[in-house]
Each structure stands twice: as C-alpha cells, then as structure tokens.
Amino acid sequence: MTDSLQLRDVVALSSRILAQAGSGDFIWGHVSARDPGGHGVWLKQASWGLEEITADRVHLVSWEGEVLDRGGQRHSEYPIHTEIMSARPDVGGVVHVHSRYAVALAAAGVDLRPVSHEANYFAPEGVPRYTETADLILTAELGRSVAKALGLADAVFLVNHGVAVVGRDLETATVAAVLLDRACRQQLLTSGYDGEASWSDPEESLAKREHIYSEAACRQVWDYLVRQLPDPPR
C-alpha cells in the first residue's frame, strides 16, 4: 500500500468515525492529513457527507489551495488545514467539524471545564476561543488567525461555527475531536442540574491526562472506533 493510499484511507476512516460520533452536518465538515512529501494536505473532498467518504473521495490540496491529485471539488475552508499545519510543524492531522455540543458550549460563553475524564485530554492549554468571525474561513489570512488563536492547544472553538482539532497525526486528532464533543456534552448535562458543579484543578487535570491519554491508549481508542464502523459506503 502506498503512502498516499494509506493517508487517504485514514482520512476516510476519520470522516466516517466523526459521522458515527454525531459530528456530521450534511456535506459540511472536513478532515486532513499532512502530505509526507511536503506538497500540502490530503483532504476530504467537498460535496460528500462525512459518512460517505472513501479513499477515492480524498484528494491532495497544495498549500495554495490547488487540487494536485485525485480531482474532485475542494472544500472552500481548506485554509483551516493548510495554515494550521504551516504554523504547527508538530501537527499531522486537522479536524474541522460542527459538533453540536461543542458549538453549544462555545456559544454559551463558558470555558471547557474538566467535569469528566474527556475534558482532561485538553490540559494544560484548555480550549481557546476564536471570535474574529463566525463566517467561513476562506482566506489564508483568516486561516492564520485561527492558527494564532489555537496556539499550542489541541483544539480551538470557532465560536458560533464549529471546532478545529489537531494531533500529531489524523488518528490522534480524530480521537481528540470525539473526546471534545463528549466533554462538552457532559458539561452541558452537568450544568442542567441544581447545585454547584465541581471539576478537577489544573494539577489533577494534567495528571489525569497523563494517566488516561497515553499515545498507546489513544491509538487503542482509534482502533476501537474503527471496529465500530459499518461497512464502507459504495
């Protein structure tokens, strides 16, 4: 199997995992993996839902937005991927989805709190908020501003829009995106009860991240999520 086919398979699996986890939004939302040859990113094609993505519906997009390989319609928000990866050499995968619970929590104007295991994944940086625009990220300039808001964090809330989540590879970014929406859902559920909510302090939160979310554990979660997928679409 060639490197490009392996990456296209990962992009397809990531897309379908996110759809299965409830992050689908008709034909919107997209994921990418860094091209090891430095040519750009392998990106989910536009016009397809996340649940419909196969390796044949993934293409190579240059840093300037040109489709270099595999054809198909390119997502207009490709600068989210290219500019984050340009700013963060440590990032090998980017997820941009409109996860319902993450959108709700960000729009509510509250910070993500570690009321459950999932939110501790994002220690110690937390999840910053990008508020320059809630419109689409259509230009390199806007992509760079998203990357700046992300900083060294693993995710950023695009307030009233969605999220951008990153990882050392797309498998890791995908697991993080699933964890983020679960963490937001748990926090919103907790806030619906009377009483005063509690959460881990920064020291405990970082310890929990180290104890729970090792590289090996995150890979095992990825493998688990792959096993839960139905047969690929035709």
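Angles under 35 degrees count as roughly parallel, over 145 as roughly antiparallel, 65 to 115 as roughly perpendicular and the rest as oblique. In this predicted model, local features need pLDDT of at least 70 and side-chain atom pairs pLDDT 80 or more, while totals for chains, interfaces and linings use all residues. Residues are numbered from 1 along each chain as its sequence is written, and side-chain values use heavy atoms, without hydrogens and water.

Helix α1 (residues 3–20) and helix α5 (residues 170–191) have axes that come within 10 Å and cross at roughly 5°; α1 and α5 are therefore roughly parallel to each other. Axes are lines fitted to C-alpha atoms, for helices over the stretch in contact, with angles from 0 to 180 degrees between N-to-C directions. Helices (H or I, at least four residues) and strands (E, at least two) are DSSP runs, numbered from the N terminus.

In α1, V10, V11, S14, I17 and L18 meet L170, E171, T174, A177 and V178 of α5 (contact means heavy atoms within 4.5 Å).

Strand β6 (residues 129–130) runs parallel to β7, joined by two bridges, and Y130 stands opposite L158. On the other pairing, β7 and strand β8 (residues 162–167) are antiparallel over four bridges, with V156 opposite A164. Two strands pair if DSSP finds at least two bridges between them. The β7–β8 hairpin has three residues between its strands, and N160 in the turn has a positive phi of about 65°.
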